[in-house]
Amino acid sequence: MAEHLSLSKVEQFKTASHALRFPLVEEMAQDTTHLSEAAAQILKFHGSYQQDDRDQRKALVAAGKEPHYSCMIRIKIPGGDLTAEQYLTVDGLADQYANGTLRITTRQNIQLHCILKKNLKATLHKVNECLLTTLAGCGDVERNVLACPAPFVDEGHTQVQAAAHALAVALCPKTRAYHEIWMDGEQVAPREAGAEEEPLYGKMYLPRKFKTAIAFPGDNCVDVLTNDIALIAVLSPEGRHEGFTICVGGGMGMNHADPKTYPRLATPMGFVLPEDLVAIVEAIVKTQRDHGDRTNRKHARMKYLVEERGIDWFRQQVEEWWGHPVAPVRPMPPFTVQSHLGWHSQGNGRDVLGVFVENGR
């Protein structure tokens, strides 16, 4: 009991959610303008934040009225790989249910803003119909997996895109709650039933959000070392993909009023072959799951675990979960940041145009 009380409020919400269902499923069925705090926290795992109009907030409160609530949804685009048909679908949703704008983020997501609660299910349903998803776009799980979005057709870029998609699938929550609530799936399991199994995350998921990115030697367009897991492709002199250098414990978030929080670049941990990538990344996630701070969310990111326990201790935990020794780090060439703007050869006789989108809108 004492251990339960020491958990942060968000941890208690997750524990009681029955694999991200309650109280969200109950409150989505109610004719209300907004969700409770607990339901709004669980909604994040489904890829949406509940917000209110800050410009109207003071005037509405002064008039004795409730805030003007709406939701933002975050659509994950692993590796930045989006078809024209998918883009047009999302563009249409911006006019139909949102505020007429798309926001393209630095983490290769597309966000729609100002969606009313009553329109949330219809919006998410149409997102999924075009084979996109918002599941785990927010929340204490692996977020979107980044990779260089430039559509070059050489072996290195092709393999990295494949790795980003494989990781996105492997690290996505396995709960059926998302399809039950938004896609009219099978009936939601009753609250008293046994908790649905999450083989990677467990019933409390991760202590905090978790981010992964993949970069190329010399091309750091994804700002790779600022991620919880930073993967740098290792290429032979002929351009053949040999594997990945793994760095862990990056993150730029901090609270200027709290000197115990700080930004940190990921620390090199080892090297992994392409066929072992998913397994070792899952071992890293499990290490953070079991040892990350669940009492103080400002201290919950994996960067604090790596910094305070040390890379040798962290590597040992990963090896125990993975069941193999982690190979030594390969030398990494200096990074540059490629914008990929303008015209470039794809490598197959065609050209590709990188377009600047001001403020991501």
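Q: Is L35 buried or exposed?
A: Happy to start here, with a predicted model in which local features need pLDDT of at least 70, side-chain atom pairs count only at pLDDT 80 or more, and totals for chains, interfaces and linings use all residues. Residues are numbered from 1 along each chain as its sequence is written, and side-chain values use heavy atoms, leaving out hydrogens and water. Buried means under 20% relative accessible area, exposed over 50% and partly exposed in between (1.4 Å probe, protein chains only). Because its relative accessibility is 5%, L35 counts as buried.

Q: How far apart are the C-alpha atoms of L35 and L24?
A: L35 contacts several residues (heavy atoms within 4.5 Å), including L24, E27 and K117. L24 and L35 are 11 residues apart along the chain, and their C-alpha atoms are separated by 7.8 Å.

Q: Which residue forms a salt bridge with D140?
A: A salt bridge puts a side-chain nitrogen of Lys or Arg within 4 Å of a carboxyl oxygen of Asp or Glu. D140 counts as buried because its relative accessibility is 2%. Its partner across 2.9 Å, N to O, is R297.

Q: How many residues apart are D228 and R301?
A: Both residues are buried, and the side chains of D228 and R301 meet in a salt bridge at 2.7 Å, N to O. This pair links distant parts of the chain, and the separation is 73 residues.

Definitions and conventions. Helices (H or I, at least four residues) and strands (E, at least two) are DSSP runs, numbered from the N terminus. Lists of a residue's contacts leave out its neighbours within four places in sequence.
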